[in-house]
Amino acid sequence: MPNSPIWRPFTQMKTTPPALKVLRGDGIWLELEDGRRVMDCISSWWVTIHGHAHPALAEALYRQAQQLEQVIFANFTHEPAEQLAQKLLAHLPDSLTRVFFSDNGSTSVEVALKMAYQYWGNQGDLRTRFLGFEGGYHGDTIGAMSIGGSCDWWRPFQPLMFSMDTVPFPATFEGDLTVEGKEAQALEKIENCLKGDRYAAIFIEPLIQGAGGMRICRSQFLRSLQDLAHHYGVLLIYDEVMTGFGRTGELFACLKSGTAPDILCLSKGLSGGCLPLAVTMATEEIYQSFYSDDASKAFLHGHSFTGNPLACATGITSLTLLEQNPQQFQQLEKLHRQCFDEWLRGHSKIENIRFCGTIAAMEITTPETSGYFNSIGTHLRDRCLDLGLFIRPLGNTLYLMPPYCITREELDQVYQTLCKVLSEVG
Ligand SMILES: Cc1ncc(COP(=O)(O)O)c(C=O)c1O
């Protein structure tokens, strides 16, 4: 598309070819203006959980649009928001009782950050320190960037970000014999931090870090982390923006790991990937610290589109689809493993293989340093696109995160293509 005025996200406009124009989507397929059909193997930045143009979501959207498209949420409420909040609560640990709406993953994290900070402040306990994990990614607004402080992308913005403490994330993979040692070290460092300072909260992407390289930790680690947070009286915040709604093979990572955070952030799959929507959920204790005759103790945060009825209506339908057919996301890990064994197992360039529910990830070894700026990612992306697959490796981390509706045959085709592309690179 020559001369487009559009400045694209996460893109060096000078060196990147013009964006491909998509005419329509259908399930895992995207149909391009030039007539090509490509498989969306990363659910369009991890949001499109049911596949593109799902008729039930389109119907929910159409019906709601005829009734109420938007209303200020400070003074009013509406049925879609009430129903969605109840539906979410029914699936999450009982300790989470309150639902605060916002618009996207980053804002759900900003809300969590401010909520945790003010929770302590409202009790006269000023706590300004937060703990996060190496490789953590929580979004692109200033607060969310600060929490994901170890990320290389943020270097230009460093002076604007507040300081926080970062501890190691005990990333593991198939056949990892050192995982227990890594977990013990991480927990020791966390405990040392918690002993030494009064933290407001610990932020973690539970079970799998997304943008930091699809790095997986074990449920045991989350349980120990929860114990430490309880012991030292620090809030535990789960950023399930990516892991929520079936991604880890269960509806939520907190359920899969048998843990319950004090604050939980959700977005991406919340609206079935149709519209921007997010929630930050909190315990009753947190909510009660804001509940007061004193207006200044209220949570003074909100967005124009908070609780948008259209997005909430698709959210209800999306959650219903997940309830009706949990096998779809539950069985994907098995399919990934089967296809991986058939096409990629034993490939000399692949290491650190890991699966987490609907996600498969691995590192590609190259002479360059591992990481986001390793150039193999761009090469693999371009070559796969030639062959009808849309992937977006994180440097030399190759991962697949398809919509749940992908069939065994389609997944087979994905792995077969990856096998071909990887054999070309050696
Ligand atoms: C774990 C996590 N948190 C927050 C975000 C930010 O979400 P958004 O891009 O909707 O602002 C992302 C986005 O990838 C994410 O993966």
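Valine 279 is buried, because 25 other C-beta atoms lie within 10 Å (buried means 20 or more other C-beta atoms within 10 Å of the residue's own, the C-beta atoms being placed from the backbone). This is a predicted model, in which local features need pLDDT of at least 70 and side-chain atom pairs count only at pLDDT 80 or more, while totals for chains, interfaces and linings use all residues. Residues are numbered from 1 along each chain as its sequence is written.

Valine 279 is found in strand S12, strands (E, at least two residues) and helices (H or I, at least four) being DSSP runs numbered from the N terminus. Leaving aside neighbours within four places in sequence, valine 279 is in contact with Leu88, Val99, Phe100, Phe101, Ser108, Leu266 and Leu270, where contact requires C-beta atoms, placed from the backbone, to lie within 7 Å. The C-alpha atoms of valine 279 and leucine 266 are separated by 5.3 Å, although these residues are 13 apart along the chain.

## The sheet

Seven strands, in the order S4-S12-S11-S10-S7-S5-S6, form an open sheet of mixed pairing, two strands being paired if DSSP finds at least two bridges between them. Its edges are strand S4 (96–102) and strand S6 (165–167), each of which pairs on one side only. From one strand to the next the twist averages 20 degrees, with axes fitted as lines to C-alpha atoms (for helices, over the stretch in contact) and angles running from 0 to 180 degrees between N-to-C directions.

Strand S5 (residues 129–133) pairs with S6 in the parallel sense over three bridges, and threonine 166 in S6 is the bridge partner of glycine 132. Helix H3 (residues 79–91) lies across S4 and strand S12 (278–283), running at about 135 degrees to S4.

## The two domains

The domain assignment, which is automatic or taken from a database, gives domain 1 (22–54 + 327–424) and domain 2 (58–324). Their C-alpha centres lie 26 Å apart, and 25 residues of domain 1 are in contact with 23 residues of domain 2. On the side of domain 1 that touches domain 2, the largest share, four residues, comes from S13. By class, this side of domain 1 has 13 nonpolar, 10 polar and two charged residues, with Ala, Val, Leu, Ile, Met, Phe, Trp, Tyr, Cys and Pro counted as nonpolar, Asp, Glu, Lys and Arg as charged, and the others, Gly among them, as polar.

Methods:
Contact = placed C-beta atoms within 7 Å. Buried ≥ 20, exposed ≤ 12 C-beta atoms within 10 Å, placed from the backbone.
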